[in-house]
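Hi,

Here is the structure I promised to pass on. Have a look at it first, then read my notes below.

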Amino acid sequence: MRDSRWRMAVLVALFVFVLDRATKVLVERTMTLEQTIDVLPFFALTYVRNPGAAFGLFRNLPEPLRLPLLLGVTAVAFVVLLAYLRETPPERRWIVVALGGVLGGALGNLYCRVRYGEVIDFFHLHWRGWSWPMFNVADSAITVGVIALLVSSFVDARRTARSTSEPAR
């Protein structure tokens, strides 16, 4: 692992995975299922188990279909992310960090899914009658990583468009 991008991606993924596992274990050991602890007027810790994918997608599929589907999607995502990492130049550190975050988050949720058949969620954003679906550290890392990758791709596209539209000197 002499290549700095692999080292950095692995360190970020490991950090996210360990933080995710630690928070899930803490919630699992100190809270009862469905228990809510209000933290701020718009934020609470609510311990739930999510058998589906992000935001409860596919939660109503039969388990013999749901679990293999979600594990398969995770496996394909890993292959795509690792291929993207392999093609990313080492100097593109933010991309490498984003990929590491997504990989670590995917590993954190994969661990839960394999161990329990569902994922432990506990962050709850809400305001008055509005409520965002519960999520966890892994989901947060995946979301932030994907947003960073999307922003980077838009910036790269603008740079490419700008450089191809400039007259040659």
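A hairpin of two residues links strand E1 to strand E2 (strands, E, are DSSP runs of at least two residues, and helices, H or I, of at least four, numbered from the N terminus). Keep in mind that this is a predicted model, where local features need pLDDT of at least 70, side-chain atom pairs count only at pLDDT 80 or more, and totals for chains, interfaces and linings use all residues. Residues are numbered from 1 along each chain as its sequence is written, and side-chain values use heavy atoms, with hydrogens and water left out.

Back to the strands. E1 (residues 36–40) and E2 run antiparallel, joined by four bridges (strands pair if DSSP finds at least two bridges between them). E2 also runs antiparallel to E3, with six bridges. Ala 44 in E2 is a handy spot to look at: Asp 38 stands opposite Ala 44, and Ala 44 stands opposite His 124 in E3.

Why is E2 (residues 43–50) described as largely enclosed by the rest of the structure? Because six of its eight residues are buried (under 20% relative accessible area, with a 1.4 Å probe and protein chains only).

Now the largest pocket, which has a volume of about 660 Å³. Its lining has 30 residues, and the closest to the centre are Ala 53, Ala 54, Asn 109, Asp 139 and Ile 142. Helices H2 (63–87), H3 (93–116) and H4 (137–165) and strand E3 (119–127) each give two or more residues to that lining. A pocket here is an open set of points on a 1 Å grid over the protein atoms alone, where a 1.4 Å probe fits, with protein on both sides within 12 Å along at least five of seven lines; lining residues have an atom within 4 Å of a point. The volume is the space filled by probe spheres set on the points.

Cheers

Technical notes:
Buried means under 20% relative accessible area, exposed over 50%, partly exposed in between (1.4 Å probe, protein chains only).
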